[in-house]
Amino acid sequence: MRVTVRLFARLRDIAGAAELSRDVAAGATIADVWRQLEGEFPELARYERSISSAINADYARMDSRVGDGDEVAFLPPVSGG
Amino acid sequence: MTTPLLGIGPDPLDVGRLAAALEAGTGAEPADDPGRDGAVVTFLGLVRNHNMGRSVRYLEYEAYEALALKAFARIDTEIRERWPSVRLALHHRTGRLEVGEASVAIVVRSPHRGDAYAACRYAIERVKQIAPVWKREYFEGGDVWIEGATANPDDARARAAAERVACA
């Protein structure tokens with residue numbers, strides 16, 4: 001199945017794209033998607049413990065399963081205000 | 001055009017318009033009657049010309065807008081749970097902001113000033129904790145993404161910390 005990955009701020013800079021389309025295995029979790037990205041962009045690894053994640057614009061835990069066509073987002077530590 | 005009470009986008013912030021929108025209320029419940037309110041507290045967060053010893057030239061704000069609106073709605077719900085008579089309006093700006101420009105505007109109304117001050121402070125603390133917004137600082141000599149808190153809306157300790165600051 002295929003998911004859209006959205007990356008923000010420094011994560012976007014590291015990957016060189018705000019949005020990516022990736023094939024993932026059926027039953028994959030957000031963490032699986034993240035590990036796949038880490039393989040592609042090793043510089044992402046240092047964010048493993050500090051990112052937040054979302055599915056379809058709702059915060060979701062890394063162990064949440066993703067579905068075909070979902071938008072999966074990875075967020076570095078926030079700095080609004 | 002009516003101004004939504006919660007918003008995020010590139011347009012300059014107008015706290016007066018936000019206050020007027022909040023005064024108009026939604027009319028959905030008796031507590032939205034503006035006549036019951038005795039206090040309005042507003043907060044504007046501004047771009048500062050210095051940060052961590054650096055001379056700031058300007059900031060660029062980026063957001064996950066769809067999720068940011070949900071985070072703001074969550075903050076609104078939390079405030080109603082803690083201060084049932086308080087009403088909130090909150091807008092965050094994105095894009096390039098010069099020194100002195102406002103990046104966030106918060107307006108809070110309530111029957112009494114104590115709740116309004118507390119809820120306003122709570123709102124900005126929670127924005128900094130859970131809103132998916134990032135600022136890139138362009139300073140004399142370089143630029144850097146500012147990274148603060150790992151956003152986790154379900155972190156009860158962070159929420160309690162925001163409440164402590166608000167009620168100090």
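This is a predicted model: local features need pLDDT of at least 70, side-chain atom pairs count only at pLDDT 80 or more; totals for chains, interfaces and linings use all residues.
Let me start with a pair of helices in chain B: the axes of α3(B) and helix α4 (residues 156–166) of chain B come within 8 Å and cross at roughly 145°, where axes are lines fitted to C-alpha atoms, for helices over the stretch in contact, and angles run from 0 to 180 degrees between N-to-C directions. The crossing of these two, α3(B) and α4(B), is right-handed, a crossing being left-handed if the near helix is turned anticlockwise from the far one by less than a right angle, and right-handed if clockwise. On the α3(B) side the contact is made by B:A118, B:R121, B:Y122, B:E125, B:R126 and B:Q129, and on the α4(B) side by B:A158, B:A162, B:E163, B:V165 and B:A166; two residues are in contact if their C-beta atoms, placed from the backbone, lie within 7 Å. By class, the residues of the contact of α3(B) with α4(B) are six nonpolar, one polar and four charged, with Ala, Val, Leu, Ile, Met, Phe, Trp, Tyr, Cys and Pro counted as nonpolar, Asp, Glu, Lys and Arg as charged, and the others, Gly among them, as polar.

Residues are numbered from 1 along each chain as its sequence is written, and chains are lettered from A and ligands numbered from 1 in the order in which they are written.

The axes of helix α2 (residues 65–82) of chain B and helix α3 (residues 113–130) of chain B come within 10 Å and cross at roughly 145°, and α2(B) passes α3(B) in a right-handed crossing. Here B:A71, B:I75, B:E78 and B:I79 in α2(B) meet B:A119, B:Y122, B:A123, B:R126, B:V127 and B:I130 in α3(B), a set that divides into eight nonpolar, no polar and two charged residues. Also found in helix α3 of chain B is B:Y117, which counts as partly exposed because it has 17 C-beta neighbours inside 10 Å; a residue is buried if 20 or more other C-beta atoms lie within 10 Å of its own, exposed if 12 or fewer, and partly exposed in between, with C-beta atoms placed from the backbone.

Chain B has an open sheet of four strands in the order β1-β5-β7-β2, with mixed pairing, and two strands pair if DSSP finds at least two bridges between them. Its edge strands are β1 (6–9) and β2 (39–46) of chain B, each pairing on one side only, and the twist averages 5° from one strand to the next. Strand β5 (residues 87–93) of chain B runs antiparallel to β7(B), to which six bridges join it, and the bridge partner of B:H91 in β7(B) is B:A105. Helix α1 (residues 15–24) of chain B lies across β2, β5 and β7 of chain B, running at about 30° to β7(B), whereas α2(B) packs on the sheet by touching β1 and β5 of chain B, its direction making about 155° with that of β1(B).

Taken whole, chain B comes to four helices and nine strands, helices (H or I, at least four residues) and strands (E, at least two) being DSSP runs, numbered from the N terminus. Its C-alpha trace spans about 55 × 40 × 30 Å along its principal axes, and buried residues make up 39% of the 168 residues in chain B.

How many helices and strands does chain A have? Chain A comes to two helices and five strands, which run β-α-β-α-β-β-β from the N terminus on. The five-stranded open sheet of chain A has the order β2-β1-β5-β3-β4, with mixed pairing; β2 (19–23) and β4 (58–59) of chain A stand at the edges, each with a single partner strand, so one side of each is left without a neighbour in the sheet. Strand β1 (residues 2–7) of chain A pairs with strand β5 (residues 71–75) of chain A in the parallel sense over four bridges, and A:L7 stands opposite A:F74 in β5(A).

Finally, the contact between the chains takes 26 residues from chain B and 17 residues from chain A. On the chain B side, α2, β7 (102–110), α3 and β8 (133–139) each supply at least two residues, and by class that side has 15 nonpolar, six polar and five charged residues.
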